[in-house]
Amino acid sequence: MNILTMLFKNLMGGSRTLRFPASPEVTKGYRGLVHIDPALCTGCAMCKFRCSANAIVIKPGKGEFVWSYDPGQCTYCGRCLEGCKTNALTQDCECPPIYLTEGELRVSYTITRKPPAPKAPKAEPAAAGQSESAIAAGGAQ
Amino acid sequence: MNIITALARMLIFPGLLFAIPAAWFFLWVERKAVALMQGRIGPPFMQPFYDFIKLLGKDPPHRPGIAGMLMRVWPLIAVASSAGAVGLLPVLPASGGFEGDLILLLALLEVPSMCIIAAGFSSGSIFGEIGSAREAVLSVSYNIVFLLAILSIAASQHTFSLEALALLPATPLRWLGVLALLVCLPAKLHLNPFSLPNAEQEIYSGPITEYAGPELAMWELSHGLEWVASVGLVATLAAPYIAVWWIAALIFVALSFAIVLLLSVVASATARLQIDTTVRFYWQCTLIFAVLAVASALFMRFRA
């Protein structure tokens with residue numbers, strides 16, 4: 001497009017700058033604020049390990065732990081979500097809200113540490129051998 | 001011209017009382033026009049004034065030694081010379097203007113550019129030095145065209161006097177000279193496509209990288225006054241002579257405004273050129289134009 005035509009269109013079309021508190025529309029997959037579901041969190045601290053901006057902090061306690069998230073430090077990279085095995089973390093698909101006080105959006109949850117899940121009993125080698133042979137026999141038939 | 005008229009011209013119109021608000025106004029018009037053409041809101045009307053006040057309120061950086069003293073002095077000299085250049089503009093020739101000539105005005109207009117070059121080298125910053133070197137090369141390139149344009153105007157009208165030039169009716173050669181001056185203005189005011197010396201994205205404003213606080217405020221003011229003086233010179237040469245002073249003043253302001261808008265459109269529509277392209281542009285294209293204008297002016301003069 002001719003640059004002068006473009007300038008004229010901009011001049012006549014008005015400004016595209018949005019006034020506060022309006023925010024731009026985002027596309028699908030946009031990475032916004034991170035949220036946690038305390039019921040699903042196991043306290044594995046993988047999110048903290050993967051957070052290079054130190055936005056997620058986990059303070060261990062006796063039988064519980066404190067999970068804190070500071071959006072002011074977050075780079076919204078989404079690596080914490082990728083590392084969360086139990087899908088306890090989710091991310092908004094909208095721009096983070098504008099805040100005026102430092103730490104206004106900071107959240108902190110005290111989560112009771114869940115007992116480790118009981119290990120599944122190991123199958124006996126003999127039984128396994130039987131089943132394998134049974135399958136093999138079935139296949140032959 | 002008596003002393004009161006001279007003082008009124010230097011201090012009131014088109015001197016300091018008019019020039020400083022006009023400088024802020026021109027800076028705002030340029031920023032606002034560029035913003036609107038880029039689809040942005042742009043700064044509010046008072047923003048250049050707020051910027052100036054804010055910078056004045058900051059503590060200047062401590063700079064010991066001669067280099068530090070020089071760095072403090074350059075912006076003051078630039079402001080003084082720009083303000084002097086504005087005061088010389090023959091805006092109201094009918095009311096008894098300054099009896100100076102174009103040479104003095106040109107000299108005063110050139111001082112801020114030299115101060116910027118010196119400031120960049122005084123700062124010791126690599127960005128400042130690169131910016132100063134660019135400014136020096138650019139200055140050598142566009143000033144020849146600028147001077148030849150002024151010469152062609154003076155030769156076509158048989159005078160260097162600002163008053164006489166403002167009173168005389170314009171000739172076709174004068175229009176050619178005015179056009180050449182207009183081509184030089186983006187380089188003189190560091191606007192795109194000739195904004196090499198203060199390229200923000202490359203060399204962080206070049207010579208004024210190391211400036212802050214009141215010293216930077218002075219540079220901003222000097223830049224604004226340069227706007228008024230340069231644009232005012234072209235507006236004065238382009239404006240027809242009108243005896244009624246307020247109409248003359250109105251036409252001067254309107255023409256200046258139109259030139260600022262034109263420069264803003266050029267700045268918005270173009271990208272920054274490389275230094276060799278810029279130099280080639282002035283030496284190959286515009287120089288031929290200016291030389292032709294001077295030759296024609298001299299020929300007409302001898303024929304007359």
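Tutor: The model is a predicted one, and the values discussed here are computed from it.

Student: How many salt bridges are there between chain B and chain A, and what makes a pair count as one?

Tutor: The test asks for a side-chain nitrogen of Lys or Arg within 4 Å of a carboxyl oxygen of Asp or Glu, and the count between chain B and chain A is 0.

Student: How much area do chain B and chain A bury between them, and what share of it is on carbon and sulfur atoms?

Tutor: The two chains bury about 830 Å² between them, a figure of which 67% lies on carbon and sulfur atoms. On the chain B side, B:Met37, B:Gly39 and B:Ile41 lose the most area to chain A, and together they account for 57% of what that side buries. In residues, the contact takes 9 from chain B and 10 from chain A.

Student: Why is B:Met37 called buried?

Tutor: The relative accessibility of B:Met37 is 6%, and the cut-off for buried is under 20%, so B:Met37 counts as buried. This residue has its place in helix H2 of chain B.

Student: Which residues does B:Met37 touch, leaving out those up to four places away in sequence?

Tutor: From chain A, B:Met37 touches A:Leu7, A:Asn10 and A:Leu11, and from chain B it touches B:Ser264, B:Val265 and B:Ser268. One of these, B:Ser264, is 227 residues from B:Met37 in sequence, while their C-alpha atoms are 9.0 Å apart in space.

Student: Why is B:Lys188 called buried, and where does the residue sit?

Tutor: B:Lys188 has a relative accessible area of 2%, which is set against a limit of under 20%, and B:Lys188 is therefore classed as buried. Its place is in helix H8 of chain B, which covers residues 172–188.

Student: What makes the pair B:Lys188 and B:Glu110 a polar contact?

Tutor: The side chains of B:Lys188 and B:Glu110 are joined at 2.9 Å, and a polar contact requires a pair of N or O atoms within 3.5 Å, so the pair meets the distance part of the test. Not counting residues up to four places away in sequence, B:Lys188 touches B:Glu110 along with B:Leu109, B:Tyr142, B:Asn143, B:Phe146, B:Glu226 and B:Ser230.

Student: Is B:Ser230 buried or exposed, and how do you know?

Tutor: At 1% relative accessibility, B:Ser230 falls under the 20% cut-off, and the conclusion is that B:Ser230 is buried. B:Ser230 is found in helix H10 of chain B, residues 213–238, and beyond four places in sequence it touches B:Leu109, B:Leu185, B:Lys188 and B:Leu189.

Student: Why is B:Ala243 called exposed?

Tutor: The relative accessibility of B:Ala243 is 54%, and exposed means over 50%, so B:Ala243 counts as exposed. This residue lies in the loop between H10 and H11 of chain B. The C-alpha atoms of B:Ala243 and B:Ala33, which are 210 residues apart along the chain, are separated by 32 Å.

Student: How many helices and strands does chain B have, and what makes the chain as compact as a globular protein of its length?

Tutor: Chain B has 12 helices and 0 strands. Its radius of gyration is 19 Å, which is close to the 19 Å that the globule rule gives for 304 residues, so chain B is as compact as a globular protein of that length. Taken along the principal axes, its C-alpha atoms fill a box of roughly 60 × 45 × 45 Å. Of the 304 residues in chain B, 52% are buried.

Student: What does the secondary structure of chain A come to, and in which order do its elements run?

Tutor: Chain A has 4 helices and 5 strands, which run α-β-α-β-β-α-β-β-α from the N terminus on. Of its 141 residues, 21% count as buried.

Methods:
Residues are numbered from 1 along each chain as its sequence is written. Chains are lettered from A and ligands numbered from 1 in the order in which they are written. This is a predicted model: local features need pLDDT of at least 70, side-chain atom pairs count only at pLDDT 80 or more; totals for chains, interfaces and linings use all residues. Side-chain values use heavy atoms; hydrogens and water are left out. Contact means heavy atoms within 4.5 Å. Buried area is the accessible area (1.4 Å probe) that two parts lose on being put together, summed over both. Helices (H or I, at least four residues) and strands (E, at least two) are DSSP runs, numbered from the N terminus. Buried means under 20% relative accessible area, exposed over 50%, partly exposed in between (1.4 Å probe, protein chains only). The radius of gyration is taken over C-alpha atoms; the globule rule is 2.2 Å times the number of residues to the power 0.38. A polar contact is a pair of N or O atoms within 3.5 Å; within protein, one must be able to donate a hydrogen and the other to accept it, and residues adjacent in sequence count only if both atoms are side-chain atoms.
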